[in-house]
Amino acid sequence: RNLRSSSVLLLQSEGSGDSWYDNFSAVVQLLPILILLLVPLLAPLFENDPLYLLNPTPQFTTQMKTSILKASYYVKPDFPQVFTGSIMKLEKKVEAEYMDKLRNACNREKIAQANLFLKAKYSGSSQLKRRAAEYSTASCKLLEELPGGDRGR
C-alpha cells in the first residue's frame, strides 16, 4: 500500500508540473496577441506632439509665417520657450509640406476639371463644358505664383 500511495503522490506532483508547463505554454502562445493589443494602447504615451501644423487647432493657435514663401503655420503658444532648434530648418520643413499640400490640391482640382470635361464631351452638354472651363483651380494658380512652385510637377 505504501508503494501505491507514494506512486499516486508522484503522479500528482508530476501532474501539477505539467499544469504549470501548460499554463506557461498557453501564455507564450497568447503573447503575440497580447503584444498586438497592448502596442496600440501604449503608443500614444511615446508620441511627441508636432512642432507645427499648417491649420490651426485648439492647441496650435499662434500663427507664424515662413520668411521665403510667407506660408502660414501654427504653433503652440509656448513655442518660443520650447523650441531650441534652427528656425530656418523648421521653415524649410513647413514650406516643403505646404508645397506638397498645394501640389496635391492642384492635382485633385485638375482631375475634377478633367472629369467635368469628359462628362461634357460624352453628354454633349455645352453648359457642362462651360462649367468645366470655369472650374476653379485656385491651388494650381497659387502654386504657379510661388517661387519654384511649378517644380516637381
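Predicted model: local features only at pLDDT ≥ 70, side-chain atom pairs only at ≥ 80, totals over all residues.
Contact, in what follows, means heavy atoms within 4.5 Å. Helices (H or I, at least four residues) and strands (E, at least two) are DSSP runs, numbered from the N terminus.

Residues are numbered from 1 along each chain as its sequence is written, and side-chain values use heavy atoms, with hydrogens and water left out.

I start with the whole chain. The protein chain has five helices and two strands, and from the N terminus on the order is α-β-β-α-α-α-α. Its accessible surface is about 11,900 Å², with 60% of that belonging to carbon and sulfur atoms; these areas come from the Shrake-Rupley method with a 1.4 Å probe, and for residues only the protein chains shown count as cover. Of the 153 residues, 22% count as buried. Buried means under 20% relative accessible area, exposed means over 50%, and partly exposed lies in between (1.4 Å probe, protein chains only). Among contacts with a separation of 6 or more, 46% are made by residues 24 or more positions apart.

Next, the helix pairs. Two packed helices are described by the angle between their axes and the distance between the axes. Axes here are lines fitted to C-alpha atoms, for helices over the stretch in contact, and angles run from 0 to 180 degrees between N-to-C directions. Under 35 degrees counts as roughly parallel, over 145 as roughly antiparallel, 65 to 115 as roughly perpendicular, and the rest as oblique.

Take helix α3 (residues 87-123) with helix α5 (residues 138-145): their axes come within 7 Å and cross at roughly 135°. That makes α3 oblique to α5. The crossing of α3 past α5 is left-handed, meaning that the near helix is turned anticlockwise from the far one by less than a right angle; clockwise would be right-handed. Which residues meet? From α3 they are Tyr-98, Met-99, Leu-102, Arg-103, Ala-105, Cys-106, Glu-109 and Lys-110, and from α5 Ala-138, Ser-139, Cys-140, Leu-142 and Leu-143. By class, this contact has nine nonpolar, one polar and three charged residues. For the classes, Ala, Val, Leu, Ile, Met, Phe, Trp, Tyr, Cys and Pro count as nonpolar, Asp, Glu, Lys and Arg as charged, and the others, Gly among them, as polar.

Look at Ser-139 in α5. Ser-139 counts as buried, at 13% relative accessibility. Leaving aside neighbours within four places in sequence, Ser-139 touches Leu-102, Ala-105, Cys-106 and Glu-109.

The other pair is α3 with helix α4 (residues 126-133), whose axes come within 8 Å and cross at roughly 165°. The two are therefore roughly antiparallel. Here α3 contributes Gln-113, Leu-116, Phe-117, Lys-119, Ala-120 and Ser-123, while α4 contributes Leu-128, Lys-129, Arg-131, Ala-132 and Ala-133. That gives six nonpolar, two polar and three charged residues.

Gln-113, in α3, is buried at 18% relative accessibility. Not counting residues up to four places away in sequence, Gln-113 touches Ala-132, Ala-133, Tyr-135 and Thr-137.

Last, a loop. Most residues other than glycine have a negative phi. Lys-70 is not a glycine, yet has a positive phi of about 60°. Lys-70 is found in the loop between β1 (62-65) and β2 (72-75). Is Lys-70 buried or exposed? Exposed, with a relative accessible area of 51%.
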